[in-house]
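Subject: Structure handover and what turned up in it

Hi,

Have a look at it first, then read on.

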Amino acid sequence: MKIWMDAYDHSGNFKVLNLREMAFIHLDIRCLYTLLICTAFGSTLSSNAEIKVNPPQDFEIVDPGYLGYLYLQWQPPVSLDNFNKCTVEYELKYRNVDSESWRTIITKNLLYKDGFDLNKGVEAKIHTLLPRQCTNGSEVQSSWSEATYWISSQGNLDTKIQDMDCVYYNWQYLLCSWKPGMGAHLDSNYSLYYWYEGLDHALECIDYIQAKGKNIGCSFPYLESSDYKDFYICVNGSSESQLIRPSYFIFQLQNIVKPLPPDYLSLTMKNSGVNLKWSIPRGPIPAKCLIYEIEFTEDDTAWVTTTIENEIYVTRTSNESLQLCFLVRSKMNIYCADDGIWSEWSDELCWKGDIWKEILLFFLVPFVLASLFVLVVTCLLLYKQRNLLKMVFHTKKRSPF
């Protein structure tokens, strides 16, 4: 069965079209649309494909001898003549080899500096970026240039020092200590070097702490303008019989500050509570940089609380408490450091019961008892003396003389 449809031909004459002819007409129109779209898209692709940029040249990681503070540097890519009016940028990614994430920097410079853990390898990559205004609306990227850096892994791993511990006491003087490596021979000895931004070059420790003639630590001199900066340390060693593996460390000194404990504690009883107050630890640490931990003991119950003030009011659990004791210690707070080390505990301050009850129990009662004893003895002596006088009187009365 055929389906018929009325239409007009090119000359304007009436023509009858069947369904098959109509399908071919619609197919031709769809093909025309598809051809136009592909042509436009293809021209766009071809125009973008013509814009290319090379990666940066001479990309390298340079060690200036700052114990982990490295330079990542490069030169502009070749053939930038066509983009003289464009601001070329670079996307830099870098990390320690075993890190799961990359740090990413977008920069217009040809040099970037940062600190790395030299106990591990360093890897970085960089490519060139052309902004959209230079490339007809689409960002163009070059291929990646890559670079790596490794410290020579001399010596066995067990020759490295162990248990490295650094403490910045009261934000005034730094002390680091370590133990020799488990695999280090008896003739091994270690040396410490340090650097932070502001020093011209790495310095060696001038005041070693020793045990049995071997260096086991370093007491640092006054470190000017060293706070809130990366502080780099390398401890390497020497031995006539083996190579020693160096160890690298990075600190921020404000994060390893150990303050002095608070002192001059005072207790004041107020109604059903106790007001505890203490002085701010001596030294250069500002009061706003400290947090305090208070250990409170009431008879056999103990708990810990914290405060940023140097005073706290604690409610007693019972008005019949026989003993209240306090300990306080301090640490750098989150406003001045990411971390810190708790100070030693202060001397313990205790309150024992009601002072008047103590006076009554330990002074008044014995005094009363002693007074009663003296009174009784006195009365007995007076009574005995009275009887004696009576006997003498009666004896004289009976005498004929």
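Strands here, like helices, are DSSP runs numbered from the N terminus (E over at least two residues for strands, H or I over at least four for helices).

Before going further, please keep in mind that this is a predicted model, where local features need pLDDT of at least 70, side-chain atom pairs count only at pLDDT 80 or more, and totals for chains, interfaces and linings use all residues. Residues are numbered from 1 along each chain as its sequence is written, and side-chain values use heavy atoms, with hydrogens and water left out.

**Sheets**

Two strands count as paired if DSSP finds at least two bridges between them. These strands are part of an open sheet of 3 strands, ordered 20-21-24 with antiparallel pairing. Strand 20 (263-270) and strand 24 (311-315) are at the edges with a single partner strand each, so one side of each has no neighbour in the sheet. From one strand to the next, the twist averages 20 degrees (axes are lines fitted to C-alpha atoms, for helices over the stretch in contact, with angles from 0 to 180 degrees between N-to-C directions).

Another open sheet has 4 strands in the order 14-13-17-18, again with antiparallel pairing. Its edges are strand 14 (203-204) and strand 18 (247-252); each has a single partner strand, so one side of each is left without a neighbour in the sheet. Strand 14 pairs with strand 13 (residues 189-196) over 2 bridges in the antiparallel sense, and Leu203 in strand 14 stands opposite Tyr194.

**Aromatic rings**

How many aromatic pairs does a search of the whole structure find? The count is 20, where rings of Phe, Tyr and Trp (its six-membered ring) pair if their centres lie within 6.5 Å, and planes under 30 degrees apart are stacked, over 60 edge-to-face and the rest tilted. One of them is the tilted pair of Phe296 and Phe326, with 4.6 Å from centre to centre and 50 degrees between the planes. Phe296 sits in strand 22 (residues 290-298) and Phe326 in strand 25 (residues 323-332), so this pair ties together parts 30 residues apart in sequence.

Val328 and Leu265 are 63 residues apart in sequence, yet their C-alpha atoms are 8.7 Å apart in space.

Ring pairs also link Tyr66, Tyr69, Tyr71, Trp195 and Tyr232 into a cluster.

**Salt bridges**

There are 9 salt bridges, each being a side-chain nitrogen of Lys or Arg within 4 Å of a carboxyl oxygen of Asp or Glu. Among them:

- Arg282 and Asp263 have their closest N and O atoms 2.7 Å apart. The pair links distant parts of the chain, 19 residues apart, with Arg282 in the loop between strand 21 and strand 22 and Asp263 in strand 20. Arg282 is exposed at 53%, whereas Asp263 is partly exposed at 21%.
- Asp163 and Lys179 come to 3.6 Å between the closest N and O atoms. Asp163 is in strand 11 (residues 162-169) and Lys179 in strand 12 (residues 173-179), so the bridge ties together parts 16 residues apart in sequence. Lys179 is partly exposed at 47%.
- Lys120 and Asp117 meet at 3.7 Å, N to O. Lys120 is partly exposed at 35%, and so is Asp117 at 22%. Together with Asp98, they are linked in a network of salt bridges.

**Surface patch**

Finally, Phe367, Val368, Leu369, Leu372 and Leu375 make a nonpolar surface patch of about 500 Å². Patches take residues with over 30% relative accessible area and no salt bridge, joining like charges within 9 Å and nonpolar side chains (Val, Leu, Ile, Met, Phe, Trp, Tyr) within 5 Å; accessible areas come from the Shrake-Rupley method with a 1.4 Å probe, and for residues only the protein chains shown count as cover. Val368 lies in helix 2 (residues 355-398) and is partly exposed at 38%.

Terms used
Buried < 20%, exposed > 50% of the residue type's maximum accessible area, 1.4 Å probe, protein only.
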